Amino acid sequence: DTGEIIGYFYEGAKPTVVWTDEKFARFQKAIDAALPGRYNRISPAKEGQRMLVSSRSDRHPGTLYWFDPKTNSMERIYEAMPWIKEDQMAEVKPVEYKARDGLRIRGYLTLPKGRDARNLPLIINPHGGPWARDTWGYDPDVQFLANRGYAVLQMDYRISTGYGRKHFEAGFKQLGLKMQDDKVDGLNWLVSQGIVDPKRVCIYGGSYGGYAVLIGLARDPDLFRCGINLVGVSDW
């Protein structure tokens, strides 16, 4: 209402909120204490009015609450996918590794719950765009695959957005070249850690991710047992 900046949100390894307004910082602290381990985002309202809170995590699709600043209390009003049991879902961990030319690649690794992180089958799951990025949160595809015993690697290869200009421009004219190397280097990194069985690796993606599947099967056929192209670009 006043036109002043009271806070901001940004995507790091996990989504983060920073309040420059002390009042909202107190609200955030109280909500985070009530809903630990989640990304809790407040939609500010006029002074004294109830506010919507969106609460979600890598293992929880999301719940909406009313937050009453007068009583410091919350009321649940909507839950997405209430059949999903949070304690049965797999943790999505931010990871990073170096590409063969030294560029730092960040992303997310999901391991099947209750399994030793040794010699697992792997699904490489590059995001579409390619001018986009993966983020920490609930992904039904990833959770389904992890539930079936697969490790899943989502990497923000060069040209992915949100990592600065150098990372973005490193992908110029690198379709099927260094952009593809970033995916193979992620596979090799997991193999070197002993987490993944190199004989049981597949690649799955949509749009640009589907292109990455096709070029991966054509360029590096010995690396992949299978590829799943979802609405992929076949001729760039």
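1. By salt bridge I mean a side-chain nitrogen of Lys or Arg within 4 Å of a carboxyl oxygen of Asp or Glu. Glu169 is partly exposed at 36% relative accessible area, while Arg165 is exposed at 64%. The cut-offs here are under 20% relative accessible area for buried, over 50% for exposed and partly exposed in between (1.4 Å probe, protein chains only).

2. Some housekeeping before going on. This is a predicted model, where local features need pLDDT of at least 70 and side-chain atom pairs count only at pLDDT 80 or more, though totals for chains, interfaces and linings use all residues. Residues are numbered from 1 along each chain as its sequence is written, and side-chain values use heavy atoms, with hydrogens and water left out. Helices (H or I, at least four residues) and strands (E, at least two) are DSSP runs, numbered from the N terminus.

3. The structure has 13 salt bridges. One of them joins Arg50 and Glu75, at 3.7 Å from N to O. Arg50 is in the loop between strand 3 (39-43) and strand 4 (51-56) and Glu75 is in strand 6 (residues 73-79), so this pair ties together parts 25 residues apart in sequence. Arg50 is partly exposed at 40% relative accessibility, and Glu75 is partly exposed too, at 43%.

4. Next, Asp156 and Arg133, whose side chains meet in a salt bridge at 4.0 Å, N to O. This pair also links distant parts of the chain, with Asp156 in strand 10 (residues 151-156) and Arg133 in the loop between strand 9 and helix 2, 23 residues apart. Asp156 is buried at 0% relative accessible area, and Arg133 is buried at 16%.

5. Which residue is buried yet has no salt bridge? That's Asp134, and the nearest side chain of opposite charge, Arg133, is 7.7 Å away. For charges, Lys and Arg count as positive and Asp and Glu as negative, while His and the chain ends are not counted. Asp134 sits in the loop between strand 9 (120-124) and helix 2 (140-147). Leaving out residues up to four places away in sequence, Asp134 touches Tyr108, Asn125, His127, Gln154, Met155 and Asp156; contact means heavy atoms within 4.5 Å.

6. One group of charges goes beyond a pair: Arg100, Asp181, Asp185, Arg219 and Asp220 are linked in a network of salt bridges.

7. On to the rings, where there are ten aromatic pairs. In Tyr157 and Tyr208 the ring centres are 5.2 Å apart and the planes are at 45°, so this pair is tilted. Rings of Phe, Tyr and Trp (its six-membered ring) pair if their centres lie within 6.5 Å; planes under 30 degrees apart are stacked, over 60 edge-to-face and the rest tilted. Tyr157 is in the loop between strand 10 and helix 3 and Tyr208 is in helix 5 (residues 208-219), 51 residues apart. Tyr157 is buried at 0% relative accessible area, and Tyr208 is buried, also at 0%.

8. Lys183 lies over the face of Tyr157, 3.8 Å from the ring centre. Elsewhere, the charged end of Arg41 sits over the ring of Phe9, 3.5 Å from its centre. The test is NZ of Lys or CZ of Arg within 6 Å of the ring centre and within 35 degrees of the ring normal. Phe9 also belongs to a cluster in which ring pairs link Phe9, Trp19, Phe24, Phe27 and Phe67.
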